[in-house]
Amino acid sequence: MSPSSPSLDPQAHRAKFRIVLFEGIHPAARELLEDDDFEVEAFPGSPSKDELRRLVRSTHFIGIRSKTHLTADVLEEAKHLLAIGCFCIGTNQVDLNAARLGGVPVFNAPFSNTRSVAELVMSEVVALARRIGDRSREMHEGVWKKSAAGCYEVRGKTLGIVGYGHIGTQVGVLA
């Protein structure tokens, strides 16, 4: 290959590939991308619309959660954008039609919090059965009520799950 020929090495252009992550996406994502020689900029929150417009002008990939809204006028500024990752359940914070017209695929992570939410549901079942809220309030009022009256174990009880989607299924598995 002559010195003027473009490199066939897939790693050669990664440093020019700019990724912007908003809303405190886990630092491990940034570390993994930087380890692969991508240029990554991460922000703890969602920027103002003007700042967002400025940032997307030179960005190839945007990673958001639920507070950053990528509207048609913002996407119009993103001439180099190749993809949008919504690190949450939905994609309603992105103007999908504007992204489609710009040839920009949008993906989400529908299972990203499923297990965490299911575990939270199970912990709240136990907290309610043991009347943890009442005991906490009483302690804050200076009352030590060392009694299990009105409290129950969840073992052997029937659990009703309304909706058996991703989260409901995981609650069933945990139960």
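Predicted model: local features only at pLDDT ≥ 70, side-chain atom pairs only at ≥ 80, totals over all residues.

Biologist: What is a disulfide, and how many does the structure hold?

Modeller: A disulfide is a covalent bond between the sulfur atoms of two cysteines. The structure holds zero disulfides. Cysteine 86 is in none either, as the nearest cysteine sulfur, that of cysteine 88, lies 5.2 Å away. The cut-off for a disulfide is 2.5 Å.

Biologist: Is cysteine 86 buried or exposed?

Modeller: Read the relative accessibility. Buried means under 20%. Cysteine 86 is at 1%, so it counts as buried. Cysteine 88 is at 11% and counts as buried too.

Biologist: Which residues does arginine 135 touch?

Modeller: Leave out residues up to four places away in sequence. Arginine 135 then touches Arg130, Lys145, Ser147 and Cys151.

Biologist: On to the rings. How many aromatic pairs are there?

Modeller: The count comes to four aromatic pairs. For each pair, read two values: the distance between ring centres and the angle between planes. Under 30 degrees is the cut-off for stacked.

Biologist: Which parts does that pair tie together?

Modeller: Phenylalanine 61 lies in strand 3 (residues 61-64), and phenylalanine 107 lies in strand 5 (residues 106-108). The pair therefore ties together parts that are 46 residues apart in sequence. Phenylalanine 61 is buried, at 13% relative accessibility. Phenylalanine 107 is partly exposed, with a relative accessible area of 39%.

Biologist: What does phenylalanine 87 form with phenylalanine 107?

Modeller: They form an edge-to-face aromatic pair, 6.3 Å centre to centre, with 85° between the planes. Phenylalanine 87 lies in the loop between strand 4 (83-86) and helix 4 (96-101), and phenylalanine 107 in strand 5, so the pair ties together parts 20 residues apart in sequence. Phenylalanine 87 counts as partly exposed, at 31% relative accessibility.

Biologist: Which residues form one aromatic cluster?

Modeller: Phe61, Phe87 and Phe107 do.

Methods. Residues numbered from 1 in each chain as written. Heavy atoms only, no water. Buried < 20%, exposed > 50% of the residue type's maximum accessible area, 1.4 Å probe, protein only. Contact = heavy atoms within 4.5 Å. Phe/Tyr/Trp six-rings, centres within 6.5 Å; stacked < 30°, edge-to-face > 60°. Helix = DSSP H or I, 4+ residues; strand = E, 2+ residues; numbered from the N terminus.
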